[in-house]
Amino acid sequence: MQDKPVQKSELKKSCVNCGAELVYAPGTTQLECDYCGHSQEIPASESGFEELELKPYLEALGSQSHSEAISMLTCKNCGANQHVEENYKSLHCVYCSSPLIVEDIHKEEWILPGAVLPFQINQGRAHLIFKQWVKKLWWAPNKLKKASLDPQNTKGLYVPYWTFDAQLFATYTGQRGDYYYVTVPYTTTVNGKTVTRTRQERRTRWTPASGSISGFIDDTLIKASKQRSGIIPTKVERWNLKELQPFDSSYLAGFVTEKYTIPLKEGHLESNKEAERIADRWVRRDIGGDTQRVHSVNMKLTEETFKHILLPVFVSAYVFKGKRYNFFVNGQTGALAGKRPYSFWKIFFFVLFIIAIISILVFVLKDQ
Ligand SMILES: [Zn+2]
Ligand SMILES: [Zn+2]
């Protein structure tokens with residue numbers, strides 16, 4: 001591993017006109033000043049993606065190359081670990097909205113991201129998507145509708161993931177099953193008489209199979225955040241990774257970045273399980289036939305590399321009757337999902353209303 005100059009995540013990005021903090025403008029390749037409108041281009045990366053060789057990182061103890069110290073704040077309420085710019089004055093946890101105390105900022109080491117998927121939609125747009133969704137919700141408490149009007153509750157967050165690449169090779173043994181049909185007689189009763197009929201039944205002819213498969217596994221995506229409340233619904237957790245950019249800390253400006261809480265080692269174990277599932281699929285395809293039995297797979301992964309990547313979501317945190325709710329909007333596609341509270345009273349009165357209608361109908365129809 002050669003030591004390249006490490007890119008600082010905390011370079012101050014100040015406006016040349018007015019000195020205010022520059023923030024990344026979603027959907028562009030620019031940093032913008034919210035105060036005077038000045039904008040500046042984020043230089044295109046020349047280096048491309050940094051796929052890191054996995055083995056040295058799994059074995060490394062202590063500090064590693066391609067890592068650096070960044071400012072972190074840990075939420076005392078929910079444990080979320082978020083990277084913040086030091087010039088932020090007032091902060092709230094993205095997941096639970098608890099206030100964070102700037103004095104608690106501490107330095108932590110992290111493996112530098114190899115790529116980032118920049119936000120494509122801005123906070124205003126995400127908030128609008130959220131608001132329109134809440135408006136259409138049935139049985140939602142009025143308080144939720146009110147809370148959704150506060151754009152401060154919708155925050156842009158870069159969520160950490162690991163991706164793994166590897167060359168897969170496996171030998172296997174199993175059985176190939178081919179379907180065939182036989183005509184089987186059976187008896188049944190028609191008009192009180194017993195008759196004999198025939199029907200087609202499917203059978204499987206099994207033949208032994210063995211062989212080997214190989215191929216490249218590209219970008220197995222593994223979540224690197226332990227946040228329980230932050231479990232991003234599958235509907236939202238779909239990004240177009242073709243649009244990943246080589247990491248540049250400029251894209252983080254103005255957003256919160258979560259540091260991985262699932263270590264590389266654990267992420268790697270997870271990706272191995274995924275590799276086993278992929279191997280199983282490839283083996284079955286290789287065996288062919290209509291159905292397969294897989295007895296043994298001897299899998300080997302080589303040339304393993306990984307990347308730490310950051311993916312964009314908007315999180316809206318909302319507490320209702322002591323329970324926390326999170327809504328998520330995909331920062332690239334705008335897809336939305338989340339758990340929602342129901343209003344007991346709205347449902348109660350609706351049921352009452354239905355009962356009243358039925359009672360009236362029964363009363364009216366009775367006299368006809
Ligand atoms: Zn400015
Ligand atoms: Zn929190």
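**A hairpin and its partners**

Modeller: Strands β11 and β12 form a hairpin with two residues between them, and Asn-191 in the turn has a positive phi of about 50 degrees. Helices (H or I, at least four residues) and strands (E, at least two) are DSSP runs, numbered from the N terminus, and two strands pair if DSSP finds at least two bridges between them. This is a predicted model, in which local features need pLDDT of at least 70 and side-chain atom pairs count only at pLDDT 80 or more, while totals for chains, interfaces and linings use all residues. Residues are numbered from 1 along each chain as its sequence is written, and chains are lettered from A and ligands numbered from 1 in the order in which they are written.

Another residue to look at is Gly-289, placed in the loop between α4 (264–287) and β15 (291–320). Gly-289 touches Arg-176, Gly-177 and Asp-178, not counting residues up to four places away in sequence; contact here requires C-beta atoms, placed from the backbone, to lie within 7 Å. Although Gly-289 and Arg-176 are 113 residues apart in sequence, their C-alpha atoms are 5.8 Å apart in space.

How values were computed. Two residues are in contact if their C-beta atoms, placed from the backbone, lie within 7 Å.
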